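Please look at the sequence and the model together before reading the points below.

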Amino acid sequence: MSTAGLQVRQLQKSFGGLIAINGISFECRPGEITGIIGVNGAGKSTLLNCISGLYPVTSGEVVFRNEAIQNKPTDHINRLGVGRTFQVPRLFKSLTLGQNIVIGETGPTREDDVRILLEKVNLFRLKDNLANELSGGQQKLIELLRIEYHSSNLILLDEPFAGVHPDLIRVFLDIIKELRNRGKTVLLISHDLTSIYELSDNILALNQGEIIAQGDADSIQNSPAVIEAYLGE
């Protein structure tokens with residue numbers, strides 16, 4: 001497996017007596033999008049928080065670039081090339097769009113790269129605006145552009161389409177496809193099943209912290225376990 005891929009091995013995360021993630025194992029290959037679906041409380045965001053270092057894991061391994069990264073500091077994980085977005089965008093609201101994109105830059109700011117990214121999504125005219133002047137969908141878009149600017153190889157996307165205008169969703173879809181075509185490893189959480197089915201090379205269905213089904217869109221849509229989890233028996 002390429003060193004840019006991700007391996008999750010028997011991952012478990014407990015909060016006191018509550019088991020939020022229960023022995024999950026899977027792999028994500030470079031140049032592929034892995035979709036993650038499940039009802040509220042299934043463990044989707046907790047899984048991304050464990051991978052990105054926001055939560056310490058109870059047991060198991062998260063391996064990226066041949067390094068076990070579970071329980072490592074978030075800045076270390078980020079420097080390895082892991083980038084993520086959040087359900088509620090986490091921007092520096094008092095900084096401009098351009099400043100939010102380059103945040104964490106250790107070398108000279110690449111102004112041309114910032115311009116190209118903002119022009120691609122028709123936001124260059126707002127480059128000097130503060131982040132808190134943007135819509136929620138635009139803020140989510142800046143988070144994604146920040147990941148692209150920093151050339152992250154493992155990209156974790158948590159509900160990027162939630163609350164976003166349909167026209168802007170198409171922009172998100174195009175960028176995510178472009179990242180996959182450039183060999184990035186992408187994990188995508190979304191309740192927008194249409195987008196999940198369109199984008200994903202492989203889909204994990206979670207319920208109560210466990211993988212109940214895995215495969216392509218057809219197998220997931222026809223999985224009795226998935227149907228029961230979403231609709232009841």
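Which residue in β4 does Gln12 stand opposite? Gln12 faces Ser59. The model is a predicted one, in which local features need pLDDT of at least 70 and side-chain atom pairs count only at pLDDT 80 or more, while totals for chains, interfaces and linings use all residues. Residues are numbered from 1 along each chain as its sequence is written, and side-chain values use heavy atoms, with hydrogens and water left out.

**Strands**

- Helices (H or I, at least four residues) and strands (E, at least two) are DSSP runs numbered from the N terminus, and two strands pair if DSSP finds at least two bridges between them.
- Eight bridges hold strand β1 (residues 6–15) against strand β2 (residues 18–28) in the antiparallel sense, and within this pairing Val8 stands opposite Phe26 in β2.
- The hairpin formed by β1 and β2 has two residues between the strands, and Gly16 in the turn shows a positive phi of about 65°.
- Strand β1 is also joined to strand β4 (residues 59–64), by five bridges and again in antiparallel fashion.

**Aromatic pairs and charges over rings**

- Rings of Phe, Tyr and Trp (its six-membered ring) pair if their centres lie within 6.5 Å; planes under 30 degrees apart count as stacked, over 60 as edge-to-face and the rest as tilted.
- By this rule there are two aromatic pairs.
- Phe15 and Tyr55 form an edge-to-face pair, with 5.4 Å centre to centre and 80° between the planes.
- Because Phe15 lies in strand β1 and Tyr55 in the loop between α1 (44–52) and β4, this pair ties together parts that are 40 residues apart in sequence.
- Phe15 is partly exposed at 37% relative accessibility, and Tyr55 is partly exposed at 28%; the class lies between buried (under 20% relative accessible area) and exposed (over 50%), with a 1.4 Å probe and protein chains only.
- The ring centres of Phe161 and Phe172 are 6.3 Å apart and the planes stand at 85°, so this pair is edge-to-face.
- Phe161 belongs to the loop between β7 (154–158) and α6 (166–181) and Phe172 to helix α6, so the pair ties together parts that are eleven residues apart in sequence.
- Both Phe161 and Phe172 are buried.
- The charged end of Lys13 sits over the ring of Phe15, 4.8 Å from its centre; the rule asks for NZ of Lys or CZ of Arg within 6 Å of the ring centre and within 35 degrees of the ring normal.
- Arg110 lies over the face of Tyr149, at 4.1 Å from the ring centre.

**Cavity and pocket**

- On a 1 Å grid over the protein atoms alone, a cavity is a set of points where a 1.4 Å probe fits but cannot get out, and a pocket is an open set with protein on both sides within 12 Å along at least five of seven lines; lining residues have an atom within 4 Å of a point.
- The largest pocket has a volume of about 760 Å³.
- Its lining comprises 24 residues, of which Thr74, Asn78, Val82, Gly83 and Arg146 lie nearest the centre of the pocket.
- Elements giving two or more residues to this pocket lining are α2 (74–79), β6 (82–84) and α5, and α2 supplies the largest share, five residues.

How values were computed
Points joined across faces, edges and corners; volume = space filled by probe spheres on them.
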